[in-house]
Amino acid sequence: MAKKELLRVEGLKQYFPIKGGLLGRTVNHVKAVDDISFKVYAGETVSIVGESGCGKSTTGRAILRLEEPTEGKVYFEDVDLTSLSKKEMRKQRKDLQIIFQDPYASINPRQTVADILNEAMTIQNSVPANKRRKRIIELLETVGLNEYQADRYPHEFSGGQRQRIGIARALAVDPKMIICDEAVSALDVSIQAQVLNLLEELQEEFNLTYLFISHDLGVVRHISDRVIVMYLGKIVEIGDREAIFENASHPYTKALLSAIPVPDPTHEKTHIALKGDVPSPIDPPTGCRFHTRCPFAQDKCKTDEPLLQTHQTMEGEHKAACHFIEEIASGELLPRDYSIKPEMV
Ligand code: SF4
């Protein structure tokens, strides 16, 4: 059956101005997201991964227009979100919700859980007033909380329970898609697993689509159908989960994956140590943005920007932005040896 496209991001840019000088003029920009395009299909989970500062959270916020995108288009069910008025965009958020890392920061601590859920339903007019209390109880049960907790305040809940409240608030308006921005990053591992399982159950039950933003590759491996890898505001690789985790093409993705511990102590693994920090997004490197840290970089990488190109592997289709994918895969181009070493993990 053909997949139904739900979200399409085209040429999205998010630049933040840097003011300076006596007159406070814009002297430069932080290029947090720099010309990215991708699609999300109904019912799937697409994750965006990368180091801190790669632009993944900014992408989520720009899609929802919590920050106004500098350039580019965002289509949700073929409606161009970037062309909507603020009022129209507020209505559209009924279909497109977000869950943050710290739900406590995005909820009013003086409201009870019932108030929080009631407010969400009132703003979107998603449930008639006389049916809201019943719906609140249903929502609490759906996310694994109890009826008696409806009249409690957020500070009376644990971190995991608060994230369940955040999920209930998102569900209160019957969304089609939820952007999960580091939604389980602050939770203990066992609670993380419970919330991830809950998100998977809800996806099945309500046919939800997730855009899952995370720096945690273990979590991403667990939950994703497809994965987008970002580096310094650009997409460097997109592919099916197996294609990314079993046979990544891009040197940056390979380096990220090589840092995940392997449970089997006898398993020999090549660890790719990335040199230095992520360069400044104010003045990113020319050509391939990864060339200052890439163990395979050649002269061409300093001048020519690589485009995302499709590669078919046994594990599925993926796209990677690197001039030397074939040469690296065949072993024709070897890494500079100081940055790659086999080691027992
Ligand atoms: Fe490395 Fe060059 Fe490929 Fe960029 S284009 S990832 S610098 S080999």
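Visitor: With which side chain does the side chain of Asp80 make a polar contact at 3.3 Å?

Guide: The model is predicted, so local features need pLDDT of at least 70 and side-chain atom pairs count only at pLDDT 80 or more, while totals for chains, interfaces and linings use all residues. Residues are numbered from 1 along each chain as its sequence is written, and side-chain values use heavy atoms, leaving out hydrogens and water. A polar contact is a pair of N or O atoms within 3.5 Å; within protein, one must be able to donate a hydrogen and the other to accept it, and residues adjacent in sequence count only if both atoms are side-chain atoms. At 3.3 Å, the partner of the Asp80 side chain is Lys73.

Visitor: Is Asp80 buried or exposed?

Guide: Asp80 lies in strand β5, residues 79-80, a strand being a DSSP run of E with at least two residues, numbered from the N terminus. Buried means under 20% relative accessible area, exposed over 50% and partly exposed in between, with a 1.4 Å probe and protein chains only. Because its relative accessibility is 12%, Asp80 counts as buried.

Visitor: Which strand has the lowest mean pLDDT among the elements of the protein chain?

Guide: pLDDT is the predictor's confidence in each residue, from 0 to 100, and the protein chain averages 90. Over residues 338-345 pLDDT stays under 50, and where pLDDT is low, the predicted coordinates should not be read in detail. The highest mean, 98, belongs to strand β4 (residues 71-76), whereas the lowest, 42, belongs to strand β14.

Note on methods:
Helices (H or I, at least four residues) and strands (E, at least two) are DSSP runs, numbered from the N terminus. Contact means heavy atoms within 4.5 Å.
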